[in-house]
Amino acid sequence: MADHIFSPPNLYPYPSSNPPPLQQQQQQQQAYPQQYAQQPAQPPFQSYQQPIQQPTHNSVYQQSHQFYQPYSQPTMSESSDAQPQQNYYQHPQQYNDVSYATPQADTAGSQPASADTSIPQGNVMSSLGAANSAAPISVAPVTSNTSVTPTVTPQASYSSHTSGSALGAEDFTQPGKLGVVDIDSFYRAKPSNGLYFGPYLRYGNIDLQTGTWYGSVMIAIESQTAPYFQIHPSTDLQQMRNIEPVKIYQFENYQFFRYNIEIQQLQGPTGQFWTYAITHNGQTFTYEFLVAGAQEREWKFMAFSCADFSLGVSEKERRELGGVGYLWEDTLAKHKQLGGLHAMLGGGDQIYADRMWPEIASLQDWLHTKGKANRQSYEWTPRLEKDLNLAYFFYYANHFDRVGIRDCLASIPNMFQIDDHDVFDGFGSYPDYMQLSNVFVNIGRIAFDFYLLFQHQTTIPILKQNPDPRDLFTVTGLGWHFVKYLGPECVVVGPDTRAERQQRSIVGEATHKEIFRRLEALPPSIKHVVIMLAVPIVYPRLTMVEHVLSGVKHTKRAINGAWNIIGKGASKVASVVGADKGTKAGFENVKKAFGKSGMMSSLVSGFGEIDLLDDLADHWTHENHALERAFLTRNLQRIARDKGVRVTFISGDVHCCGIGRFINPDSPDNYQLMYQVISSAISNVPPPSAVIRLLHNKDKLYLPEINGPKGAVTDTREEMIEFFDNDVDGSKLDLHKLLGRRNYSIGAVKSDGTMTWDLYVQSGSGTYGSSERTHKYGPLIVPPVSQPFNAQQQQPYNSYGAQQQQAVPSGIYGPDGVVQNMQSLNVK
């Protein structure tokens, strides 16, 4: 396999004729990798650089470029007369309603993003099981809204449900507080700029051979006329060019236009700022972003998760924390201070769609339906189809338009992955009678469609008919994953850990293998692999049920010998005490410790198995996922050994921050060292201090061998490290492993191959404020692996592999020690 990314000349090509079948395209790429990799690129742009100031020095990040002249004063090579900004982007006319390209797969009108004209009757995602629902749905096709309802501005009491940024300030009204609402009028949002939602700037990839940066910008607008889009180096108007829009989707009277961007990177290690301008109805808005140099190794990127509040967070808590956008505005400040961030990594829960359950009238009947069979076979109606499409559009358009968030999305190229709240709390980990129900199947379908639309600027028909080898890929036809380069030394891997999820698996076996294959084919320049896992793979266990249930009557017999609150012991407790108030309160703390709200337990069944399965089995550390966790981690160790790359995990979900790691105590810097940065949450409320104390246990944990005995001492220890000595106010902490405050992180690749991470933790709030919004913890310094695998120097690992082949059933290991399959992974 070639050591570079395949490089067709156009990003997201839309041929006038039907493309060859996907299998044929893949065969062509495998047979002729050089032809695919060396397509002619656009001529390089002869841009020049005009530094005006050196950004503030930061000890963690060695500056890789200078801050360039902003777009408000571009260089005019032929005249010294500076014209007003709006005149720079004047043009004779905008595109008319037939001049933009439309993918052949798209259909007019308002259709689900999958472009399927009928409501699904069977399994859409592997997380919903292998069989169709017990009672297939048979209803007429429905558009999201066949007769478009005029946009209605909600009343003043509903002000939080318009765009947060349209209000000019953060609003703290609690979603769900009003109960069931009129969806047709309540779920409406007006763009803060009065014209369109967006722009959303997405990072596509870079081509290491041609030095080409790929990305796109998307907007959603109530107009058949696409806005006029221009782009140029920020210091050089002479290189301005127009980019034609591509209409990728229509929802109600909103058109989704995407502008595909290809930029030839500057040769050398210095980056360049680019400005893009969007003009519509005589109004122009300009935005600026950073493109790294072709040989620039020092990339800087921000990582976050949990970008909204959970449903149960009170208005008082929201106000005291400064609202959703408080740390987003701090991110913008760091973006400027550090001379620009090259990318933004969203680790899941970009939206919180849980509010659908108390607010959407058409879901209330299902919530009150008794009996597992009745819930599973409940009919999916045209009204449900309409309401859920409207809901997800509203959740994204409203939330992405909030103060702080909208500016980050417009100026820092983003790459996102999905987690449960992007669908709803715990999706994928429910018992079959719920996960396979018509209601869950169809909600999941709609949620994934809007996730692809808003977070990846694409649709399933586009992905299937026009696959881009640089971008999202699928193995099973369900989840969509990515492998993206951040310069010549770092690559980010983002597996979809929701679409293929089942009670006993998180990612399908075939997908694991394909990700390993792609990592094995990385070019030799790569020194770091960042694995984005929405849920932490290293996290404390709660090994004594008494920590949570102390003093609760009737529990002693049930909890004796219970090995883990997230294992069988908790199930026994639930069955004995039922809905006991004290026990339920105890489990609330457990759920907070795992970043979960237990939403469905209160809405559907009170207390019981729902608490267990959606909140606790959702984690990599749950017993159900032990084999898969070992399979993934041991294979990543093998790749790190053979390729000489350092593997680092970035995770979120749990609403607190910390640093974990896998480490060989006898050889602490070798390939087995894998750090995990937990960056959570940038907006959501942190857990209480009692929960943080609960997580600071002293368990000694080891990464098991694949199919090895539980609890056995192995060559790899897993642990949370003591990263926090003092609190943000300087006071001494007595708990050093996890910090229960809102946060985000910034990572940087250094020229010597080192990777550094800083955690930016909220130090004040919007109510009482502080001179600095965040306190920096770090840097965490992650050293590169010194060299690739050498058989003579790494003999102990060879012995380990030989021992494993003898210890596990045949078929698990192949002749070279590579794991071939996970035979028991998907067994229910």
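## Charges over rings

Start with R773: its charged end sits over the ring of Y326, 4.3 Å from the ring's centre. Keep in mind as you look around that this is a predicted model. A lysine does something along those lines too, with K484 lying over the face of F482 at 5.2 Å from the ring centre.

## Salt bridges

How many salt bridges does the structure hold? The count is 31. Side chains of opposite charge can pair when their charged atoms come close.

Take K513 and E509, whose side chains meet in a salt bridge at 3.4 Å, N to O. Both sit in helix α15 (residues 509-520), and because they are four residues apart there, about one helical turn separates them. K513 is partly exposed, with a relative accessible area of 34%, and E509 is partly exposed as well, at 21%.

R541 and E718 also join up through their side chains, this time at 3.1 Å, N to O. R541 comes from the loop between β16 (528-532) and α16 (546-549), while E718 belongs to strand β21 (residues 717-720), so this pair ties together parts that are 177 residues apart in sequence. Is this pair buried or exposed? Both R541 and E718 are buried.

Then there's K776 with D758, where the closest N and O atoms are 3.8 Å apart. This bridge runs between two strands, β25 (residues 774-782) for K776 and β24 (residues 755-762) for D758, linking distant parts of the chain that are 18 residues apart.

## Aromatic pairs

Now for the rings, which give 47 aromatic pairs. One of them is Y249 with F450, an edge-to-face pair at 6.3 Å centre to centre, with 85 degrees between the planes. Y249 is buried, with a relative accessible area of 7%, and F450 is buried at 1%.

Y430 and F440 make another edge-to-face pair, at 5.4 Å centre to centre and 80 degrees between the planes. Y430 lies in the loop between β13 (414-416) and α12 (432-435), and F440 is ten residues away in helix α13. Y430 counts as buried at 1% relative accessibility, as does F440 at 0%.

## A ring cluster

Which rings do ring pairs link into a cluster? They are F197, Y200, Y249, F251, Y254, F256, F393, Y396, F400, F450 and F454.

Note on methods. Residues numbered from 1 in each chain as written. Predicted model: local features only at pLDDT ≥ 70, side-chain atom pairs only at ≥ 80, totals over all residues. Heavy atoms only, no water. Salt bridge = Lys/Arg side-chain N within 4 Å of Asp/Glu carboxyl O. Buried < 20%, exposed > 50% of the residue type's maximum accessible area, 1.4 Å probe, protein only. Phe/Tyr/Trp six-rings, centres within 6.5 Å; stacked < 30°, edge-to-face > 60°. Lys NZ or Arg CZ within 6 Å of the ring centre and 35° of its normal.
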